[in-house]
Amino acid sequence: MAIKKAADSTLYHLSPKGFWKKFREAVSANPEVSSGLPVAGINRYPPPASRPERYSTPATKASDPAQNPYWKRDVRRVYPQLSVVAQSDLSTLLIQHSKSQMISATGNKEISVEQVSDQSLDLTRAISNLSEGARFYTESKLPPMLPIAYRRWMPQLSPPAPHDHFSYFPMLLYR
C-alpha cells in the first residue's frame with residue numbers, strides 16, 4: 001500500500017483543461033506548479049452567501065431616528081466655537097486666584113479671599129500688582145517643561161573615522 005508523504009499542490013486548486021492545458025505545458029517553465037485558484041466547493045465550506053437566514057442590524061440608540069437627529073450627526077458643519085475672555089474678566093480671575101488659601105490643622109479649609117472690588121483693574125495693572133513682591137521662577141524653581149519620551153540629543157565628539165594620516169579629511173564624527 002502506498003502512502004502519500006508529500007502534499008499534492010494541485011489537489012485543491014483548479015487546473016486548466018483542453019487548449020489551455022496544452023498551452024501551459026508548452027509555455028510554462030514548470031507545468032506541475034499549481035495555478036493558485038482554489039476549488040470553490042472544497043476550499044470554503046459552506047461557501048459564502050449560502051446561508052438561508054438574512055443578517056439584520058441590531059437596534060441601537062443611533063438607529064432610532066427620534067434619538068439621533070441629523071444635526072448631531074452632521075460633522076461637516078461642526079465649526080470650532082470661539083471662546084472670548086475679556087481683559088477685565090481675566091484680571092478679575094487673576095486677582096481672585098492669587099490670594100493665599102490657608103488650611104487649618106484640622107483639615108477644614110479656611111479660605112481667606114478678599115472680595116474683588118466692583119471696579120475691574122486693567123490687565124497690565126493686575127499683572128504688575130501680582131508680580132510686585134513675588135518672583136515666580138528662580139534658579140531652584142524653574143518653569144514647567146513639556147514631557148518628552150526621549151532624551152535630548154547632546155552632541156559628543158567620537159573618535160575620528162579611519163583615513164590616511166597625512167591626507168586632508170575635514171569630517172568630524174559626532175555621537
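Entry 1: I started with Phe19, which counts as exposed at 56% relative accessibility (buried is under 20% relative accessible area, exposed over 50%, partly exposed in between, with a 1.4 Å probe and protein chains only). Before going on, a note on the source: this is a predicted model, where local features need pLDDT of at least 70 and side-chain atom pairs count only at pLDDT 80 or more, while totals for chains, interfaces and linings use all residues. Residues are numbered from 1 along each chain as its sequence is written, and side-chain values use heavy atoms, with hydrogens and water left out.

Next I looked up Phe23, which sits in helix 1, residues 19-27 (helices are DSSP runs of H or I, at least four residues, and strands are runs of E, at least two, numbered from the N terminus). Phe23 is partly exposed, its relative accessible area being 39%. Trp20 and Phe23 make an edge-to-face aromatic pair, 5.6 Å centre to centre with 85 degrees between the planes. My rule for rings: those of Phe, Tyr and Trp (its six-membered ring) pair if their centres lie within 6.5 Å; planes under 30 degrees apart are stacked, over 60 edge-to-face, and the rest tilted. Trp20 itself is exposed at 54%, and in helix 1 it lies 3 residues from Phe23, about one turn of the helix.

How many aromatic pairs does the structure hold? I get 3. One of them is Phe19 with Phe23, stacked at 6.1 Å centre to centre and 25 degrees between the planes. Those two are 4 residues apart in helix 1, again about one turn. Ring pairs link Phe19, Trp20 and Phe23 into a cluster.

**Entry 2: patch.** Which residues make the nonpolar surface patch of about 480 Å²? I found Phe19, Trp20, Phe23 and Val27. Patch residues need over 30% relative accessible area and no salt bridge; like charges are joined within 9 Å, and nonpolar side chains (Val, Leu, Ile, Met, Phe, Trp, Tyr) within 5 Å. Phe23, at 39%, is the partly exposed residue I noted above.

**Entry 3: charges.** Side chains of opposite charge can pair when their charged atoms come close. I count 3 salt bridges (a side-chain nitrogen of Lys or Arg within 4 Å of a carboxyl oxygen of Asp or Glu). Arg77 bridges to Asp74 with the closest N and O atoms 2.4 Å apart, and Arg76 meets Asp74 at 3.3 Å, N to O. Is Asp74 buried or exposed? Asp74 counts as buried, at 8%. Shared partners join Asp74, Arg76 and Arg77 into one network of salt bridges. Of the arginines there, Arg76 is exposed at 56% and Arg77 is partly exposed at 48%.

Glu53 pairs with Arg51, and their closest N and O atoms are 2.4 Å apart. Arg51 is exposed at 57%, while Glu53 is partly exposed at 45%.

**Entry 4: whole chain.** I counted 5 helices and 2 strands, in the order α-α-α-α-β-β-α along the sequence. Buried residues are 5% of the 175 in the chain. The accessible surface is about 17300 Å², with 59% belonging to carbon and sulfur atoms (Shrake-Rupley, 1.4 Å probe; for residues, only the protein chains shown count as cover).
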